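Here is a brief report on one protein model.

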Amino acid sequence: MFNRLESEEINIAGEIPKEDTARQYFYIEKCKELYRKDPSHNTYCLTTFGCQMNEKQSEVIAGIMDEIGYRRIETEDADIVIYNTCTVRENANLKVYGRLGLLHNMKKQKKEKKIILFGCMMQEEHVVNKIRNDYRFVDLVFGTHNIYRFAELFYHMMTGEQQVIEIWEGTDKIVEDLPAERNYDFKSGVNIMFGCNNFCSYCIVPYVRGRERSREPEAIVEEVTRLVKDGVTEVMLLGQNVNSYGKTLENPVSFAELLEKVEAVQGLKRIRFMTSHPKDLSDELIAYMAKSKKVCHHLHLPMQSGSSRILKEMNRRYDKEKYLSLVEKIRKAIPDISLTTDIIVGFPGETEEDFLETIDVVNKAGFDTAFTFIYSKRTGTPAAKMENQIPEAVVKERFQRLLSTVQEKGREISSRFVGTVQEVLVETESKDPGIFTGRTQYNLLVHFPATPDLEGKYVNVHLDECKGFYYLGTRVDPLQ
Ligand code: 5AD
Ligand code: SF4
C-alpha cells in the first residue's frame with residue numbers, strides 16, 4: 001500500500017504499470033516529460049459546476065495539473081480550460097454550451113489552446129454526440145467513472161491530433177491515493193461513497209453517477225488522518241445518500257459506525273456530512289449525533305415536496321407525516337439541531353393544493369435554510385415522460401411564494417441564536433476589508449471583524465444580529 005509515488009520511484013522507460021494508481025503516476029511522469037520539452041503553454045483554468053462531490057473531484061484534477069507543472073489561473077485565456085460539468089438541472093448544461101461558444105472564438109486566436117470537459121453532463125449520450133458533431137474544437141471528454149484516468153487521457157490528448165473521448169457506462173472501481181490540490185487548508189470534503197440507487201423519478205444522478213459504491217472505512221479514516229496531519233480540523237463526509245453508507249461493503253458498516261471511527265481521529269474537531277435521505281435516517285444515527293463531541297448539529301434533510309401524493313410520484317418512499325415525525329424525533333434527541341432542506345417546485349401534476357402542503361411543511365418543520373429549485377425536465381428520467389408538466393408562469397409564481405415563506409421562516413428560526421456566543425471556524429476575508437466570514441457548527445455564516453492570522457482558527461463570536469442567511473457578530477475571547 002502506498003499513499004503517493006515520488007518521481008524517482010517511477011521508470012517511464014519501463015512497462016506501463018497494470019495497477020490503476022501506479023499507472024496514473026506513470027502517466028503524470030510522462031506528462032511532466034512533455035511539459036519540460038515545451039513549457040511555453042503553462043497555465044490552466046478549472047471551473048467546477050454543481051455539488052460538493054464535483055468540487056472534491058476537481059481537487060484531484062488540480063492536483064495532477066499542478067504536479068505536472070501547470071500554473072492555475074482564474075481566467076479563461078489560460079492555455080488549458082477545464083470544466084467539471086453538472087447536469088442535475090438543465091440550466092447547468094446551458095451554461096456550459098454558452099461558455100463553449102466563447103471558448104471557440106478564443107481558440108481561433110490561439111490554436112494551441114486545449115479544452116477539456118468532464119463530469120456528469122458527459123455521461124449523457126446526446127451531449128457527447130453533440131460535442132462529437134458540433135463542438136469538434138473540444139479536445140478531451142470524459143465522464144464520472146474514469147476521472148481517476150485523467151493523467152493518462154491528458155497524455156493522449158497532448159500527443160494526438162484527434163478529439164479524445166472516453167466515457168464508461170459504469171464502474172465498481174474506487175481508485176485511491178491520487179494527488180489532490182485542496183481548496184482550503186483547514187477544511188476538506190471526503191468522499192465516502194459514489195453513485196445513487198434511489199431513482200427519484202425527477203433525478204438524473206443515478207444515470208450519470210451509477211450505482212452506489214462505498215469506500216472502505218479504513219481508506220476513509222486514513223484519508224481523514226492524513227488531512228488532519230496536514231492542518232485540517234473540519235471534514236465534510238460526502239455522498240448522495242450517506243445514510244445507506246456501507247451496505248454493499250464485503251463487511252457491512254453502518255454510517256453511524258463510520259462516524260465513530262472518524263471521530264476517533266485525534267486532532268479532528270468537526271465532522272459534517274451530506275446528504276441524508278429521510279427514508280434511510282436511522283435511530284442509531286440520531287443517537288450517535290446526540291452524544292458525539294465532534295459531529296456538528298446540522299442536518300441537511302431534503303424533503304423535495306410536502307405533498308404525500310407528489311412524494312409518491314417522486315418515488316421518495318416517505319410521506320408528509322413521516323417527514324414531519326422524523327423532524328420531531330430529531331429535535332427531541334438534539335434540541336439545538338439546525339435543519340436545512342431541498343425543495344422542488346412544479347413537479348409534473350403538482351396542484352395548488354399540493355403546493356400548499358409544501359408551504360405547510362416549511363411553516364411547521366423550522367428549517368434554517370431551504371434550497372429551492374424549479375423542476376427541470378431531465379431526459380431519460382421517468383418524470384420527463386409524465387403528463388401534466390406545469391406551465392412556466394404557474395411554477396414561477398409558486399416559486400416566488402415559496403421563496404418568501406422560506407426566507408421569512410428561516411430568519412425567524414435562525415434568530416434563535418442571536419445574543420448567544422458561538423464557536424466559529426474563521427474561513428475567509430469578506431469583500432469588506434477586515435471583516436471575516438466563519439461558520440458555527442450549525443453551518444450558519446457569521447461576519448465579524450478579525451485578522452488574517454485567525455484564518456482556519458476557532459474563535460468565540462457573539463451573534464449581534466441576524467441578517468437572514470448570515471449574522472453580524474463580535475469576537476469575545478475567551479468564551480463567556
Ligand atoms: N429538477 C429540479 N431540481 C432537482 N434536483 C434534483 N433533480 C432535479 C430536477 N430534475 C434537486 C433536488 C436535490 C438537489 C441536489 O437538486 O432537490 O436534492
Ligand atoms: Fe437524486 Fe434521489 Fe439519488 Fe438524491 S437520492 S441523488 S435526489 S435519485
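The protein carries 65 positive and 73 negative side chains. The centres of these two sets lie 2 Å apart. The model is a predicted one.

The accessible surface comes to about 21700 Å². Carbon and sulfur atoms contribute 50% of that area. Of the 480 residues, 56% count as buried.

What radius of gyration would a compact globule of 480 residues have? The value would be near 23 Å, and the protein has 23 Å, so the two agree. Along the principal axes, the C-alpha atoms fill a box of roughly 65 × 60 × 50 Å.

The secondary structure comes to 13 helices and 19 strands. Among contacts with a separation of 6 or more, 73% join residues 24 or more positions apart.

| Property of the protein | Value |
|---|---|
| Radius of gyration | 23 Å |
| Box of C-alpha atoms | roughly 65 × 60 × 50 Å |
| Accessible surface | about 21700 Å² |
| Distance between charge centres | 2 Å |

Helix 2 spans residues 52-68, which is 17 residues. From first C-alpha to last, helix 2 reaches 25 Å. That is close to the 24 Å expected at 1.5 Å a residue.

Is helix 2 mostly covered or mostly open? Helix 2 is mostly covered, with 13 of its 17 residues buried. An α-helix has 3.6 residues a turn, so residues three or four places apart point the same way. Just after helix 2 comes G69, which takes a positive phi of about 135°.

How values were computed. Residues are numbered from 1 along each chain as its sequence is written. Chains are lettered from A and ligands numbered from 1 in the order in which they are written. This is a predicted model: local features need pLDDT of at least 70, side-chain atom pairs count only at pLDDT 80 or more; totals for chains, interfaces and linings use all residues. Side-chain values use heavy atoms; hydrogens and water are left out. Helices (H or I, at least four residues) and strands (E, at least two) are DSSP runs, numbered from the N terminus. The radius of gyration is taken over C-alpha atoms; the globule rule is 2.2 Å times the number of residues to the power 0.38. Buried means under 20% relative accessible area, exposed over 50%, partly exposed in between (1.4 Å probe, protein chains only). Contact means heavy atoms within 4.5 Å. Accessible areas come from the Shrake-Rupley method with a 1.4 Å probe; for residues, only the protein chains shown count as cover. Lys and Arg count as positive and Asp and Glu as negative; His and the chain ends are not counted. The place of a charge is taken as NZ of Lys, CZ of Arg, CG of Asp or CD of Glu. The expected span of a helix is 1.5 Å times one less than its number of residues.
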